[in-house]
Amino acid sequence: MSNETQSPSSAPARTALYASHLAAGARMVDFSGWDMPVNYGSQIEEHHAVRRDAGMFDVSHMCALDLHGAQAQQALRRLLANDVAKLTVPGKALYSCMLDESGGVIDDLIVHFFTPQHYRLVVNAGTVDKDVAWMRAQLAAFDAQLTVRRDLAIIAVQGPQARARCLRAFPSIRAAAELPPFASLDCQVDGQLWWIARTGYTGEDGFEIALPNEAAAAAWQALLDAGVAPCGLGARDTLRLEAGMNLYGQDMDEAVSPYEAGLRWTVDLNDAARDFIGKSALAGRSVTHQFVGLRLLERGVLRAHQKVVTAAGDGEITSGSFSPSMNASIALARIPLGIAVGDEVLVEIRDKQLKAKVVAPRFVRNGQILD
């Protein structure tokens, strides 16, 4: 997800749920050029609602892009580091980075397969214009067309009870109950077409529901009535950090390769004949740093851009915060190779060097503390 924002002179855009947020007493902030709720009162309570029951987020500032055309598959095999040829079951999805020619990350995204001639990509809010311009430039060589779906609102419902509460709110989406993870389908709800994906950005189970803008407010209210807690972007950030999920613009960008962002697993090199953008650059690009998790062993709070001092040289925290689930300060960091999980490092915080433990970059998943 992106933390990039528009220039101060640009008025923030508003989602179809803006009035619903104000009615619920949300504190609104400019996030990626959109007026979004950061919390509705207690960020920590919202965080725990997702870990323990069910919470929902307005993520309509993100954007769905539909790719149609006879060469849609060929185009995506060129555009993405992961290989969409692996997708053969309608609705199945994969996560991928989209790289530039130097192997840097333009964006991270999820791509859903419908047919070899039709895919849907969900991209980050702060990168939509950049992504669309880049993709359309590359698509000029293919018989494939990109459509920006700003007619859709997106509501993410996450938590151990998320799917049950969604089915209580919307009985007509019963077919979605059988969706495997990282899959999606279309459902008819009150005569409207909704698209439901079993995906998320919190480390918990749940759905991401794309529906017509005009249906969003009523859907939000139905979820409230079903016991789903409204949650802001503050809790979304601590949840994704605990889950070890990258944030575009902090944990990676064009200056960082997926290999140094902990995303080597998303680069598919199985088909030697497939020449995706950035492939040759990755092959010749030296890897000097690794992506790790940190858990602070002393009193303090880990934040982005703090220096990490190791026996192999200095690194930097890319994302850090207090973990409500662990009652500890945690971070994602890029540090030199040669430091292992279990080693201790020092983090510079306000002119002090505090001890931290190196851990795997995944702290909490499905309500369970992993470290």
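A salt bridge, as I use the term, is a side-chain nitrogen of Lys or Arg within 4 Å of a carboxyl oxygen of Asp or Glu.

Before going on, the ground rules. This is a predicted model, in which local features need pLDDT of at least 70 and side-chain atom pairs count only at pLDDT 80 or more, while totals for chains, interfaces and linings use all residues. Residues are numbered from 1 along each chain as its sequence is written, and side-chain values use heavy atoms, with hydrogens and water left out.

Back to that bridge. K86 lies in the loop between α3 and β5 and D268 in the loop between α7 and α8, so the bridge ties together parts that are 182 residues apart in sequence. Helices (H or I, at least four residues) and strands (E, at least two) are DSSP runs, numbered from the N terminus. K86 is partly exposed, with a relative accessible area of 47%, whereas D268 counts as buried at 8%. Buried means under 20% relative accessible area, exposed over 50%, and partly exposed in between, with a 1.4 Å probe and protein chains only.

The structure holds 17 salt bridges. Another of them is D83 with R274, with the closest N and O atoms 3.7 Å apart. D83 is in the loop between α3 (72-79) and β5, R274 is in the loop between α7 and α8, and 191 residues separate them. Both D83 and R274 are buried.

R163 and D205 also meet in a salt bridge, at 3.0 Å from N to O. R163 belongs to helix α5 and D205 to the loop between β11 and β12, 42 residues apart. R163 is partly exposed at 22% relative accessible area, and D205 is partly exposed at 22%.

Next, the aromatic rings. The structure holds four aromatic pairs. Rings of Phe, Tyr and Trp (its six-membered ring) pair if their centres lie within 6.5 Å; planes under 30 degrees apart count as stacked, over 60 as edge-to-face and the rest as tilted.

Y95 and W265 have ring centres 5.7 Å apart and planes at 20°, so this pair is stacked. Y95 sits in strand β5 (residues 93-99) and W265 in the loop between α7 (233-242) and α8 (279-284), so the pair ties together parts 170 residues apart in sequence. Y95 is buried at 16% relative accessible area, while W265 is exposed at 60%.

For F114 and W195 the centres are 6.4 Å apart and the planes at 70°, so this pair is edge-to-face. It links strand β6 (residues 105-115), which holds F114, to strand β11, which holds W195, 81 residues apart.

Last, the nonpolar cores. A nonpolar core is a set of buried Ala, Val, Leu, Ile, Met, Phe, Trp, Tyr and Cys residues joined through side-chain atoms within 4.5 Å. In the largest one, with 31 residues, I155, V157, I209 and L223 touch the most other members. Elements giving two or more residues to this core include β9 (152-158), β12 (206-212) and α6 (216-225). Leaving aside neighbours within four places in sequence, V157 is in contact (heavy atoms within 4.5 Å) with residues including M56, C166, D205 and I209. A second, separate core has 26 residues, among them A72, L80, L109 and L139.
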